[in-house]
Amino acid sequence: MQHNMIEHSTVFSVVELLQADLIICATGFIETFPFLSETLTKTLVKNRTKSTSDEGIDLDLYRRIIPVGIPNIAFIDLPAPIHTWMFCEVQCHWMSDYFLGRIKLPNTEKEMYEEIETSRQFIYKMFKRKSYYFQYYWLEPMEIYLRDMGVSLYRTNNWISEYFGVYHPKRLSTLHDEREAKVEGEFKQEFLEAYRKQYGESGITADQTWELYTSAREKRRAKKTEGGQVGEQQQKQIFEELHADFKKDYTTAHGNNKVNDDQAWALVQDIIRNKRKKWPKH
């Protein structure tokens, strides 16, 4: 996942803007967190399971990525499985979906702590080490991430290669496109349901099409976590430009005629593509 940095934000190649106070790129085999306050560290470490070796602290992280009750921080690549690079890539996709409000978390913090402790006890029983050391148990948690994101666990086109082939990074090469297709499919369904509920089989005007798009967009944004609500002023400016471009394109393609649901959705797809072109990439 490529990204560029702008002031106080990072712009991912998938055209998502996220504000961030800090992006810490850390290396080392002993996990220490000197950048965390003592109070925060105590909040992140509530477990009682102890390792037999001095490996640093063992953070309480749901899915080994996010702390419970602290929505604006995530830890990537803390686990130490054999296939670290692929595992880390899937974690990054999961984290992106989490901050965009696409990951469904358990209903209660108690359930999140139960997931953390179950994983911790398993690793401690197997290796007498803290919960990050998955060793050769890398595929199971990686598939949990994929399932959380709502993408397929089957990464090849036949069962022989799926179960007996080498797990190459190529299996994950379409993961971004799958995530985007899932989101677009959900948005399309919401848009068309709103269209048919409000207008039935009737055609609609440019203003009505735009109104439906903005309404569906706001409903989707309302479902996101706070981490997805960023760059409001910049988004407003881009949105105004998109509206002007949309009206021009509508007039060029359809004049003053009304459009049906398929034509309306095609216009919405153009809006989304134009948004990606206009989003800052410097």
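**A walk through the fold, from overview to one arginine**

The chain carries 9 helices and 5 strands, and keep in mind that this is a predicted model. Going along the sequence, the elements come in the order β-β-β-α-β-β-α-α-α-α-α-α-α-α. There are 282 residues in the chain, and 40% of them count as buried. As for how the chain meets itself, take the contacts between residues at least 6 apart in sequence: 66% of these join residues at least 24 apart.

Now let's zoom in on a pair of helices. Helix α2 covers residues 84-99 and helix α4 covers residues 139-149; the two pack with their axes 10 Å apart, at an angle of about 25°. Angles under 35 degrees count as roughly parallel, so α2 is roughly parallel to α4. The handedness of the α2 and α4 crossing is left-handed.

Who does the touching? On the α2 side, the contact is made by Met86, Phe87, Val90, Gln91, His93, Trp94 and Asp97. From α4 come Pro141, Met142, Tyr145, Leu146, Asp148 and Met149.

Next stop is helix α3, residues 109-127, which is where you'll find Arg120. Is Arg120 buried or exposed? The cut-off for buried is under 20% relative accessible area, and Arg120 has a relative accessibility of 1%, so it counts as buried.

Methods
Residues are numbered from 1 along each chain as its sequence is written. This is a predicted model: local features need pLDDT of at least 70, side-chain atom pairs count only at pLDDT 80 or more; totals for chains, interfaces and linings use all residues. Side-chain values use heavy atoms; hydrogens and water are left out. Axes are lines fitted to C-alpha atoms, for helices over the stretch in contact, and angles run from 0 to 180 degrees between N-to-C directions. Helices (H or I, at least four residues) and strands (E, at least two) are DSSP runs, numbered from the N terminus. Angles under 35 degrees count as roughly parallel, over 145 as roughly antiparallel, 65 to 115 as roughly perpendicular and the rest as oblique. A crossing is left-handed if the near helix is turned anticlockwise from the far one by less than a right angle, and right-handed if clockwise. Contact means heavy atoms within 4.5 Å. Buried means under 20% relative accessible area, exposed over 50%, partly exposed in between (1.4 Å probe, protein chains only).
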